[in-house]
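Subject: Structure handover

Hello,

Here is the structure for your files. My notes follow below it.

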Amino acid sequence: EIVLGYGLQDRFIEGQQLLGGALAPTHRLLLDGAHDWVTWRALWRRFLAQYALLWQAQPTGRAVPRP
């Protein structure tokens, strides 16, 4: 599973949008922000809030999403 997050004012937004276009909308996290720690921390918090409960440890040690 891949989840891509980036700020809408990121100076590398063209590449982020290109990669994001290959992902389902549910696997993209977009926030108002730039290419900086403030935005990355906010994206991390949103990622954990949205996905942490969906992931569980498997016997193989891999984390996989729950349905």
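First, the terms for the fold: helices (H or I, at least four residues) and strands (E, at least two) are DSSP runs, numbered from the N terminus. By that rule the protein has two helices and four strands. Along the sequence they follow the pattern β-α-β-α-β-β.

Some ground rules. This is a predicted model, in which local features need pLDDT of at least 70 and side-chain atom pairs count only at pLDDT 80 or more, while totals for chains, interfaces and linings use all residues. Residues are numbered from 1 along each chain as its sequence is written, and side-chain values use heavy atoms, with hydrogens and water left out.

Overall picture

Burial is set by relative accessible area: buried is under 20%, exposed is over 50%, and partly exposed is in between (1.4 Å probe, protein chains only). Of the protein's 67 residues, 24% count as buried. A contact means heavy atoms within 4.5 Å. Take the contacts with a separation of 6 or more: residues 24 or more positions apart account for 41% of them.

Helix α1

Which residues of α1 are buried? They are I13, Q16 and G20. These residues cover an arc of only 60° around the axis, so they sit on the same side of α1. The arc is taken from the directions from the helix axis to the C-beta atoms. On the other side of α1, E14 and L18 are exposed. The cover over the buried residues of α1 includes β1 and β2 (28–31).

D10

D10 sits in the loop between β1 (4–7) and α1 (13–20). A salt bridge here is a side-chain nitrogen of Lys or Arg within 4 Å of a carboxyl oxygen of Asp or Glu. For charge, Lys and Arg count as positive and Asp and Glu as negative; His and the chain ends are not counted. D10 is buried yet has no salt bridge. The nearest side chain of opposite charge is R11, 5.9 Å away. What does the side chain of D10 have, then? A polar atom of that side chain lies 2.7 Å from the backbone nitrogen of F12. Setting aside neighbours within four places in sequence, D10 is in contact with Q16, G33, A34 and H35.

T39

T39 lies in helix α2 (residues 37–51). Is T39 buried or exposed? T39 counts as buried because its relative accessible area is 4%. T39 and G5 are 34 residues apart along the chain, and their C-alpha atoms are separated by 9.4 Å.

Aromatic pairs

Rings of Phe, Tyr and Trp (its six-membered ring) pair if their centres lie within 6.5 Å; planes under 30 degrees apart count as stacked, over 60 as edge-to-face and the rest as tilted. How many aromatic pairs does a search of the whole structure find? It finds three. In one of them, W37 and W40, the ring centres are 5.1 Å apart and the planes are at 85°, so the pair is edge-to-face. Both residues lie in helix α2, three residues apart, about one turn of the helix. W37 is exposed, at 57% relative accessible area. W40 has 32% relative accessibility and therefore counts as partly exposed.

W44 and F47 form a stacked pair, 5.4 Å centre to centre with 20° between the planes. W44 and F47 also lie in helix α2, three residues apart, about one turn of the helix. W44 is exposed, with a relative accessible area of 52%. F47 counts as partly exposed, since its relative accessibility is 21%. Ring pairs link W44, F47 and Y51 into a cluster.

H27

H27 is placed in the loop between α1 and β2. Leaving out neighbours within four places in sequence, H27 is in contact with E1, I2, V3, L4 and Y51.

Best regards

How values were computed: Polar contact = N/O pair within 3.5 Å; in protein donor to acceptor, adjacent residues only side chain to side chain.
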